[in-house]
Structures are given as structure tokens and as C-alpha cells.
There are 4 protein chains.
Amino acid sequence: MSKKKVVLAYSGGLDTSVAVQWLTEQGYDVVAVCLDVGEGKDLDFIQAKALQVGAVNSYVIDAKEEFAQEYALLSLQARTYYENKYPLVSALSRPLISKKLVEVAHKENATAVAHGCTGKGNDQVRFEVAIKALDPSLEVIAPVREWSWSREEEIAYAKEKNIPIPIDLESPYSVDQNLWGRANECGILEDPWAAPPEDAFGLTVSIENAPDTSDVIEIDFVKGVPVSIDGQQYPLSELILKLNDIGGKHGVGRIDHVENRLVGIKSREVYECPGAIILLKSHKELEDLTLVKELAHFKPIISQKLSELIYNGLWFSPLRDALEAFIKETQQYVNGTVRVKLFKGHAIVEGRKSANSLYDMNLATYTSDDSFDQSAAVGFIKLWGLPTEVHSMVNKKQTVKN
Amino acid sequence: MSKKKVVLAYSGGLDTSVAVQWLTEQGYDVVAVCLDVGEGKDLDFIQAKALQVGAVNSYVIDAKEEFAQEYALLSLQARTYYENKYPLVSALSRPLISKKLVEVAHKENATAVAHGCTGKGNDQVRFEVAIKALDPSLEVIAPVREWSWSREEEIAYAKEKNIPIPIDLESPYSVDQNLWGRANECGILEDPWAAPPEDAFGLTVSIENAPDTSDVIEIDFVKGVPVSIDGQQYPLSELILKLNDIGGKHGVGRIDHVENRLVGIKSREVYECPGAIILLKSHKELEDLTLVKELAHFKPIISQKLSELIYNGLWFSPLRDALEAFIKETQQYVNGTVRVKLFKGHAIVEGRKSANSLYDMNLATYTSDDSFDQSAAVGFIKLWGLPTEVHSMVNKKQTVKN
Amino acid sequence: MSKKKVVLAYSGGLDTSVAVQWLTEQGYDVVAVCLDVGEGKDLDFIQAKALQVGAVNSYVIDAKEEFAQEYALLSLQARTYYENKYPLVSALSRPLISKKLVEVAHKENATAVAHGCTGKGNDQVRFEVAIKALDPSLEVIAPVREWSWSREEEIAYAKEKNIPIPIDLESPYSVDQNLWGRANECGILEDPWAAPPEDAFGLTVSIENAPDTSDVIEIDFVKGVPVSIDGQQYPLSELILKLNDIGGKHGVGRIDHVENRLVGIKSREVYECPGAIILLKSHKELEDLTLVKELAHFKPIISQKLSELIYNGLWFSPLRDALEAFIKETQQYVNGTVRVKLFKGHAIVEGRKSANSLYDMNLATYTSDDSFDQSAAVGFIKLWGLPTEVHSMVNKKQTVKN
Amino acid sequence: MSKKKVVLAYSGGLDTSVAVQWLTEQGYDVVAVCLDVGEGKDLDFIQAKALQVGAVNSYVIDAKEEFAQEYALLSLQARTYYENKYPLVSALSRPLISKKLVEVAHKENATAVAHGCTGKGNDQVRFEVAIKALDPSLEVIAPVREWSWSREEEIAYAKEKNIPIPIDLESPYSVDQNLWGRANECGILEDPWAAPPEDAFGLTVSIENAPDTSDVIEIDFVKGVPVSIDGQQYPLSELILKLNDIGGKHGVGRIDHVENRLVGIKSREVYECPGAIILLKSHKELEDLTLVKELAHFKPIISQKLSELIYNGLWFSPLRDALEAFIKETQQYVNGTVRVKLFKGHAIVEGRKSANSLYDMNLATYTSDDSFDQSAAVGFIKLWGLPTEVHSMVNKKQTVKN
């Protein structure tokens, strides 16, 4: 009889390296899977290390373009910010990683999937709900949550089992990164009164160290997709990475957030999203120019729900499909060019233009070219204000009588 | 028989000066009313000028603190941004000006009220709906909309009637200002691809000209009201003006917005709101610390509706009372201190603390002080993900069968 | 030089018959267009009458199935009720009629379109906005609003011009009808304290006169579309008409509504929608069984917005396309059968079943077949209640200290 | 050293009687508390029985009027229906019962509170979150969830301990009742295709058995509070009970609902709410007459959130305070009289009148008394439709060019 097989989301760090060993002791053959979603990993090193610490098989998958096209793009087009602030960095990669884990599990005939999350974060929820949605028959194991060792106990176990201890283990921070940004928590960041120190950041320079001259770039969008920078076309994942570089150089996209986790606590997180912020700001400006008013005013309701849904680990819910159908329908009008100035931590949209622009200079102007019928305003105001006027007449009279 | 009397919102500029004369020719005694809502007017000059151009009486009213307490404060506590961008500068002052006009009309036994708006902006709607809500029996006159003269015709009329022509008449811009900020439109700003030139701004320096050293200030809030800066208490109107100064010095609060007017067109506006932006950002950080999750997640729905309502001229609707009741109920928890760094156009909240803080370090920490029950997560995730799991089981099976 | 041509929405009644003559006198050739959207008109009679009263051409168009498929169906699937009450009868047909008018205008090379609405209802808005959306170059004429005659003046004009006066002219009511229901206003209905008299109704019997035995029917839905009654398939328009018959016989679907018109006034309307109400109730029950919770809880937000949009005449807004994309995405799960009992004015869903049912008897049951993991609830409740608990700990302590 | 003391929510049924014994065996002194929230209990019998089965103290509390004033009234004024259907019967009583349990716990110096819920319903969540909100230091025990016996094991234990077995134990149903209605689940109701049998109902007759003559009643509201029936004033709890009687006699208020529980499953419930339904329908009609449009259109958003909050056990969240502040602010206008016909399962509002009525017959009428300015509609429609028109011009042109 063959041994049970588990597919483990493997990062190369201490927790998941120990997990390979620990799962093996629980009687599993461990298949390691490492995804590159744009964090710039040394995939060869990680693939080899998984085998070294005991995995029976080790996959590395470049998922950058899939992540950009299927996850980051929806987030951009809907402009999902959790709590009006955080552009959903880690929350976006979890469903894709889960999908790849399930695919490998099917390929390897594994009966279980494992992840390295603890029991107090959001990511455990995202992994487990996503995996159950994709294949409810798979068992999900969370070794770190289950063994509940202290840091010292974990290191002792690793030493005993000859698992290499990473040299950056002393970092006080816990970092996750992908194309759409970098998240950091723990250490001094757990004090919300303390300013985040410079060593908490990895993608951006400080405003103090940003250059004294700006860069001005033009980004072209076709149907809500950013396709080129200064006329040069890029695949979406490369375009985002390029904006991470140039935005990071100017200190764009630092976010400091005390947020409400799904699991019921507040936590303080620091994010860096240079490319995401440049694109999110540019996309809004282009929509401000091209979307009709009632659509522009309702879309934020969709975005807020989508943000919560993604944050809360429900990417594979049919509600996401419906919200996505709404968003995609709106993007046909979002064509044009945005000019962005990057300077001292800012991404300032200085100009926007579009063949679909609903800004009509002849209607908007106060010059002699004016084609707006000002007399129409009289009738408009009369009916617009009529409910308020009737309310006032009735209830003022009431007040007098009472 | 006495002549009809009209109360005119008087600014001292050309349009309303001509309106005094024009209304007089229509058979009205004109009572001029000028409010100071924080724009730094020379009230004595304006009061005298109204009489000089033909008004029978001339009022000047310092409404700064009333504007701060009754209008700007609600906007701050709800954090109302129209279209997620514009903090409602002019839209906030219109109902207060309307209220004062109606009060003077009652005192002067006037039968009509007049304003200087054209027929294509939002302000005509705000004035007229507010006045009708406060006293439906008052006639409302909009001379500028009615006479529909070209600029040249208006100047010719003014010269003929010996109305002084202001020296800044050649400015291409149309500006409105109060405590909460400054709005600018027209001229080159009507081209949304053109960057706003420096002469379009009046309250802020450019980022290029901002100082190379930051200022760091601490703002204390009591029940959602900012009460002091660096420990020094101020009346709210003075506190906002002080933040306008210091924020303006650092280039904080420039906004460039292509927005949807109520009257059906898009227009491009440039705003400067240094004090407002500093306070709005600080207030959010304090709420992020002190409001419970489900409240924090629903309040933006209230804010969006309130923003639209105010923008659309419905301040005196009973819906505003109800939205305000919601907001005020929430502010009892918003006590504490926010530390803000002003630098190169940024107002960065670096720290926040509160006796009502719901951030619990013992729950949030990843250190050994952890008091969060990680095992609870297992049950939580099981039930949280159950609907998605059942959906998947049922509909995957369906797919297979079909 | 040829005369100008106008396409008139022609009903065969007095107003539009007079309009043919009046428009002719304004110098137009009048092309009459009459649509059948399910109100059971004598189309031959109307086609002939249009020519008799002076039209140069007369079209009659059977649009019942198009109305059912493209307009009523979306309303059913979204379950749009204006103000949670009125299933949008007339509001649904106006965009379709506008579309046909524009199509005929293009075919006939007409430069104008005319409708018979007065100046105080919603329908004028719906026609004019729809026509402008479909072809902004067309002139829109509203003869009844323009001539502003009293009833007596209109009749005098008709007699003078030999226009036949309909025999039901003395009816106090103003009725509009289509597949989706019948709307009635005016006369005694203008008193909201008065009960609607029996002669106000045309599609339904009173509950007092409804049969003492019920009918029980089964309706099958495929992807949110009702396709058969008791196993017999029907085209959608016929299915609705059949339900109007059987529902009307049992007194189902009377609605008495004091509603807020778009033009700023409240009006009292009486509706009869037997088929619509049977389908709307059945569809909800099937969705309650088949939609996952978070989708079921968000869809009403979409429906409310869609209801307002349609009521307010914005059918051809791109917002409708986006809302429709959301709704259509959700309907793939809405398959199954609903059993409805029709009795004494009620349409009671007694049973519902579906291959996509998410109701899982083994999870829901309290019998020994229970497969729900009750121990998971402990962890769930702990984290679900954690924010409230922390709020209480912090703020109770605060209260004690203050 | 004194024993630990627990306060148990005691109903007199088998589960909580066994719980007294079981908790005693766990080392607790058990204090029983039974509330009357309108279900018509024999309180003397229950008080005595608690002592008989081993409680050290036994409280009975008449909480009917407090329940009506503080819980049912808010639900009425907000018109909270969970999933647009269920008027929140049990969900409303749980926070009040929790409050009383905590008050008794403080009085008795108890350290724990216990309830008789199982691990798969909503009520466990409502009790535990409410108790934690009111006093986070109290331990909460759920004996039925903890012992996880089968029905047979429980009965065997009861017999062994001489706990009386209720005679209605063989009922297949699980019932909860209060002033606001009666909830029933289990047995044949677990099949959503089966019609609920007559023995599932306890407050209402079937439509078949309802009288052939209607009753017509008039209900007066003052600030949103129903105060009298046919001119006779009643305390709110008595008014609701009286409407339960008369509504029940006519078969009003049966609801059959497949609903989404908070704990992740769908369940099928049958409710009877005769008084609640009569009041909810009457209240809507009065608001339709008296609330200004924009308020009437936004209030449902508040109601939906409040419904979810209450259903989900978050009554004591500060979000409820804020939502309640909104609702209460709106009720000042809800004064007047509603005439309701009760007949064959219907509560039909036939007439409504109010001194605050915003229905203005002179504006609404089509008779010669018309005071509505129809010419204003022309300008209104022009600006109302302008965004759609511009969108059409721009994007139709686009389509042609592409």
C-alpha cells in the first residue's frame, strides 16, 4: 500500500522547511510547490532545497503573467482597496497559489494540501476556503498552526533534523511579496504609535532620499488594461514590475495601515505598492473622464464588496464571478492615455485624454463657445428641489400647528 | 406702497455689483449680504462697496466658526469626498449662506433672495433648493442666469452705470474659497490633458518649492472633533486656518478633478484643501484604531450618500438629519492623538494612539505575549467556508452530470 | 422640397389621434407606430384609424416576445420592484417603444419622434432620454405637453377636425398595460385614503369573488428563465399571459402604491400584475434554494439600483449593461421547479426543488443523519464575536475611568 | 469555599431541565431564569419546576413590554426582514434574554451563564456574543452542545435522574415564540419540496378556514409608534398581542422560508407573524406617504444592514446604535392613520392619511386644480438625460470609427 501524499506550499523559509520534515513524520510523502508571483525568488535554490529537506518531489512555477492577468488586473479595474487603503497584495495571490496546489495534487494523486500559515492571520482562511472550493475532497493541513511550537522549539527541532536555519532569521519582520506589492508586519510595527523604521521597507526609497527631479511617464490603457509606458508595449506582469522600479525609485506607494482582520483582531501592516498605486491612480483618472455619471457613482459599491470578498478569502465564490462580470462590462470605455508625474513619493496624474472622453469642452466651457442650454436649469432645479420644498411646506406648517 | 425688497448674496465682484444695479432697475430695493466663511475677505471694503453700487442696506457676517462647527465638522467626521476625491469645499458653504440670506430676508421683510450664479454650475441648485427648503414663500432670482450677457455686454453695462470694474478681471479663473479649501476652474483648466499651471493655485506652494525639512505635528481629537495642535487648543475655525497655513507651506492638499456636475456635464476643477486633507487623513487613522470592524465597514456607505446629498444641494433634506444622526453616534469613540508629518506635499500619519483603541497588542502580536486562541481558527474557517464548499460540491457535481 | 417627417407613438386614443392632426398642422408628415406589448389591442383597427385621422403611414408591430425576452425577463431575474412594491410595468415598455420609434424613424427618414405624454409623469422622461440615447440627432416632440389644452378645448378641437371621440372617454382613469401588468391612476385613486373601487381593476377579480378552490401549478425554470407550466413549455410571452389569466382568476397581484415620481411629486397608482407576481415569488424561492449566501445577500443592492435606473428612464445607460451582466452571471444556478398554490389573492410557494439546491438535508437536519460538525461552532463564535468583545472590554473600562 | 454559580436560561423543557442536573454535576449551583417575551408561558409552573429539577434559585421575569419597546419597535420602524422575508422573531429576543441573564448573574454573583442551544443554529451565536458584549468576564456554557447526546441518551439520563419527561416530547417540531411571532423547524419541514402541514402552525388558521367576512381596522401611529387600534389606545405589547389575535383569526402572516444561517448552512423555517406583518405593512404605507423621496430610497440600505446585524447576533455592536440613531431620526414624520382590511390571509392597506403627508393633491392631480408646472419638465429632462446623451454621441461615434 502506497503512502499518503501531501502537496505543500513551499517558500524555502524555516517554517515550510520544518513542515516538510514534520509532515513526513506524520506519514506523508511531501510534494513541494513554489510559485513565483513576482517576488523575485531564486527558484532553482528553492527547488533544490525542498528536496534537500526531504520532499519527494519539488515543483517551481512561474505564475507571474497569470497572476497579473487574472488577479491583479481585476483588482486594478475594480480599484479594490480594503478599508479604502490597502490594495490587497497577499489576498490576491492566495487563490492563485491554492489553484496551483490543487492542480499539482490532482497530477500527483495527493489526498492532502498543506500551507505554512499560523492560526491568527487571514491567509489560513484564504488558502483553506480556496482549496475547499476547488476540491472539497482534499484534506487541508496547517502544520505551523497545529504544532504550536515557540520559535525556540521550532529551531531546536530544525537543528535536530539537520534542517538549515536561514541567515535572516533574526529579522523582526514577517514579509510577503508579489507583483502587486510587498506586505510587512511584526516587530516594532506592532506599536501603532511608532513610525515604521526605514528597514521595514524593501521596494521604495524614503521621500527624503527620493530624487530632486521628477519623471513624467505616459501610460496607455486599452479597455481598462494598461498596455504601454511611453509608447513601449509590455506584457502586463512586466509593465507592473517596471512601474515598481520607477515608482520605488521615487518613493511612491508606501502605506501604513491599522486594519481589521477577518479573524476578529486589528493588526498594523506596512505595505509598498509603487506600481499598483501608479496604475490605480491612473485608472481612476481615465474612468473619471470616460464613465457616465450614474455608472461612476455605483461602481464603488461593487468595488467595496469585491474588496471585502477577496480580503475575506472568497475569491472562488460565485459572487466574485458576478462582480467581475459587472466590472468587465464597464471597461470597454476605459481607453486612452494618462500622464503621470512621479516625484517625492507622489504619482500625480497631470493630464488624461481619451477617444471615449465624455468631457465635452463645448458643454463645459465658460467661453463664448458654450453650447450648454442654461435656461434648462430653471426647470431642472424646480423639479429637483420639489420634494424638499413640499416637505418643508408640510412640516413647517406642522411645526407651527403643534 | 413700498417697493419690493430682495436680499442679494454679495461678493464685491463684478457680477454681484452689476446685479445690485440690475435688480434695482427691475424695481427692487437691494439688501446686500456678504459672509466671511474663511476666505479672508476685506469685509469693510465689501460692505461699503455694496452701498456705493446702489444697495439700500449692506450686511457683513462673520460666519467662520458656525461654518466650521455646523458644516465642515460633519464633512470631516463623515469624511465626505465627492467621487472619492473632492472634499466638498463650495458645496458646504452654500447652505450656510442660504440660511443667512433667509434670516436677513425675514429681518428686512424682503420677498425675494438673489444669488450671482450662472445657469450651468452646481451652486445655483444648492442656493435655490436650500432657500426653498428654508422658506418656500421666498422668490429666488438669479440675475446672471437671467440677463445672459456676454462678458463684453456686462462690462459695457457696468461702465454705463458707473460700477467699478475690478482690476483682476482679466484672470482666466473662477475661484471660490472658504475655510475648508479653495476651488478653481476655467481658463486653461478646461483642458483635462493640460497640467494646472502654478498661477492656478493660491493656498499652497508646489512640491518643488516645498521646504526640505518636514514639520511633525500632533493633533488631538475629542469625540471626533480636532481640538488642539501640539497641545495648544484652538476654536475649530482657527485650528483649520492654522492647518491651512502649515499645510499650504508644505504643498499639502492639491487636487485635480474631472468631476460629474449635478447639471449633467463633466467639468475639470482644481482644489486646494491643506487643512481639510490633514484632518481627513488624521481622522481616518483614529477611526481605524477605534471603530469596531462592522461599523468601520458600513460607515463609508453613509459617507458616500452624504457626499452626494451635499454635492447635490440637498443639505436641508431630512435625509441629511438621519445621516448626521448616524455619524454623530459613532464619534463618541474617536478620541486620541494622531502624529502627522508634513513634507513635500504629503500629510503622513506616522502614529496614532487612543484610550479607546481596539488594537490589542496581546491579541495582535506574534511574540510570546500572544493571547489569541489560534485553535479557534479551525472551527471558524470550517463554518466561514461552508457555503462556498457546499456550492462547490453541488455545482461541480452538476457540471459533471450535464 | 419634401416636408419634415415625424414618427408618432400612436395608441388609437384621443390624445394621439388629435396629435396626428396637430403635428400635421405644424408642418409634419406623421407616421403612426403602434406596438403590441401584450395589452391585447385591436391592431388592425388602430392601424386603420391612424390613417383615417391623417397619418401618411401607419405601422403596427407585435413586440410581445421581444418585450418578454429583453425587458420583462431582466426585471424578473433581478426581481426589480420600485420602492419594494411596484414591478415596473410601464417603465419596462417605454425603452422598447422608443427603440421601435427610432428604427421606424431611420427607415422613414424622419427627423423627429413624438409621444403623447403629459408634462407631469415619468413616461415623458423615459421616452425622451431613451430616444436621445438611441439617436441624439432626432428631435423629440411632446404635443400634449406643448398644446396644454384643457380636456374641453381638446374635444372641441377634435370635433372641429372630425377626429372620432372614443366612447370610453368618460372613464375617470388613465390606464397603461402590457404583458407585465396594468397600471391605473386618476379619478378617485387620487385620494390615498379611499380604497380603490372595483371598476379600477381590469385583469383580476376581487378576493371576495375569487374561487373557493385553489389551483396548484408547477413552474420550471432553466437558468432563471421560466420555461414551462405543469410540464407544458411556452414561449415566454405566452407563459406570462397564461399566468396573467390563471392568476387574475384567483385575484393575484393587486398593488396599491403611493409612489415617488422622478419629477418630484408623490402619486397614487393601482397596479395589477398577476403573472409577474407569480413569477417573481417563484423565482425568489428558487434563488433562496440555489444561490450561495453572500451572493443572495448582495444581489438586492443590484436590484434596487436597477429598479431605480429603469424607473428613472435610464434603460439605455451603460450602467444597465453592467447591472445586467451581474444578474445574468448569477442565473446559471437558477434551475428547478417551484410549486405554487393560487388561492384568494395569494400565490403561495409551497415547495421548491433543484439539482443546484444548496440546501443539504444532511447538514440541516436535527435527526441522526446530521453531518454538521457542531464543535466547529465554538471556534467560529469566538472569532465572530471577538471585535464586539474587545470593543466592550475597552469601552466599558473607559466608561468606568471617565 | 463557596461553589461556582451559573445562571441558566431556563424554558421548562427537557433540554434545560436536564441541563440543571448536568451543570450541578459539573460543580455549579444553578440559578434558573425564565423570561416571558410574549409566548404565553405558565410562569408559575416553570418557576417551580426549575427548583424541582435542582436549581438553587429560580427567577421568572415578565419582559413583554420591554421587548416590545426596545426590540420589536426598532424592528418595526426599520422594517427589518432577513432576506426580505423573515421579520427576525427569535433573533430579536436573544439579546434581551442575554441582558437579563447577565443582570441576574451580577445580582447572584455568578461567574457563568448557560443556554440550551445546540451547535448548529444561530441562537448560540446570538447568546454568546451578546453575553460577551455585556460582560466579557463571564464564562458561557452550552451544555446541549457540549454533552452531544442522542435523543435516546438524553432521555435515559433524564429518567435516571428523575427529571420529568414532557408529554409533547414526540412533537417533530422545534418551536420558539414571542410577541413578534412564532418560529418552527424540523420534522417534515426539513424537506423544502413538502408543503408545511397544518400541525406546524400554532398562531394562525389556514386561509381555507379563515372567515368569509373581513375585519377592517384603523391603526394610529405617533412618531412611528403604533398607539391605538380603532381609536382605543394600548401599551405596545398589548397592541401587538391583540393584532396577533385578530390577524391569526384571518390567517395573516404565515411565512415559509429557506434561509441562510450564520453558521454556513441553509435551513427551512416556517414563521407565523400576524401582528408583525399587519404593523410592518401599515408602517410602510405611512412612510410612503410621509417620507421624502431620497430618504425613502436610502432607508432600505439601513434596514438591510440592521437586519443582518440582528440576525447575526450583533445587537450590542456600536453599529446598531448608529443604525438606530438613523432610524429614530426619521420617525418624527411617521404620524397618521392606516386602514387595514384583514381577509383570507391578507392584511391589505386600503387607505392612509397623515398631517405630515407629502402627497399633495394639487400637484398630483390631472384635474383642473393642477398646480404642477409642466413646462419645468422640459428643462429637467434635458439635464437629466444629458450624461446619457453625451455618452451616446461619443461612443456611437467611436463605434463608427472603429
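The model is predicted. Chains C and D are related by a turn of 180° with a shift of 0.0 Å along the axis, and the superposition has an RMSD of 0.0 Å. That is the relation of a two-fold axis. In chain A, the domain assignment gives three stretches: domain 1 (4-170), domain 2 (175-353) and domain 3 (361-401).

**Chains C and D**

- Chain D and chain C each give 73 residues to their contact.
- On the side of chain D that touches chain C, 32 residues are nonpolar, 23 are polar and 18 are charged.
- In chain D, the residue that comes closest to the rotation axis is D:Lys344, with its C-alpha at 3.3 Å.
- The same surface serves both copies, as 99% of the contact residues of chain D recur in chain C.

**Chains C and B**

- Chain C meets chain B through 24 residues, and chain B also contributes 24.
- Helix H13 (376-384) and helix H14 (386-401) of chain C each supply at least two residues of the side that touches chain B.
- That side of chain C divides into 12 nonpolar, eight polar and four charged residues.

**Domains 1 and 2 of chain A**

- The C-alpha centres of domain 1 and domain 2 of chain A are 25 Å apart.
- Their contact involves 38 residues of domain 1 of chain A and 42 residues of domain 2 of chain A.
- On the domain 1 side, the elements giving two or more residues are helix H3 (64-78), helix H4 (89-108) and helix H5 (123-134) of chain A.
- H3(A) provides the largest share of that side, with 12 residues.
- By class, the domain 1 side has 22 nonpolar, eight polar and eight charged residues.

**Helices H10 and H11 of chain D**

- Two packed helices are described by the angle between their axes and the distance between the axes.
- For helix H10 (residues 293-311) and helix H11 (residues 318-330) of chain D, the angle is about 145° and the axes are 10 Å apart.
- The crossing of H10(D) past H11(D) is left-handed.
- H10(D) takes part in this contact through D:Leu295, D:Lys299, D:Ile302, D:Lys305, D:Leu306 and D:Leu309.
- From H11(D), the contact residues are D:Leu319, D:Arg320, D:Leu323, D:Phe326, D:Ile327 and D:Thr330.
- The residues of the contact of H10(D) with H11(D) comprise eight nonpolar, one polar and three charged.

**C:Trp315**

- C:Trp315 sits in the loop between helix H10 (293-311) and helix H11 (318-330) of chain C.
- C:Trp315 is buried because 25 other C-beta atoms lie within 10 Å, where 20 or more is the cut-off for burial.
- Leaving out residues up to four places away in sequence, C:Trp315 touches C:Pro95, C:Ala130, C:Ile310 and C:Arg320.
- C:Ala105 is 210 residues from C:Trp315 in sequence and 20 Å from it in space, C-alpha to C-alpha.

**Lysines with positive phi**

- A:Lys223 is not a glycine, yet its phi is positive, near 50°.
- A:Lys223 lies in the loop between strand S8 (215-222) and strand S9 (225-229) of chain A.
- A:Lys223 counts as partly exposed, with 13 C-beta neighbours inside 10 Å.
- C:Lys344, also a residue other than glycine, has a positive phi of about 50°.
- C:Lys344 is placed in the loop between strand S13 (336-343) and strand S14 (346-353) of chain C.
- C:Lys344 is buried, as 23 other C-beta atoms are within 10 Å.

Key:
Residues numbered from 1 in each chain as written. Chains lettered and ligands numbered in written order. Predicted model: local features only at pLDDT ≥ 70, side-chain atom pairs only at ≥ 80, totals over all residues. Helix = DSSP H or I, 4+ residues; strand = E, 2+ residues; numbered from the N terminus. Buried ≥ 20, exposed ≤ 12 C-beta atoms within 10 Å, placed from the backbone. Least-squares fit on C-alpha atoms with pLDDT ≥ 70 in both. Contact = placed C-beta atoms within 7 Å. Nonpolar A, V, L, I, M, F, W, Y, C, P; charged D, E, K, R; others polar. Axes fitted to C-alpha atoms, helices over the stretch in contact; angles between N-to-C directions. Left-handed = near helix turned anticlockwise from the far one by under 90°. Domains from an automatic or database assignment.
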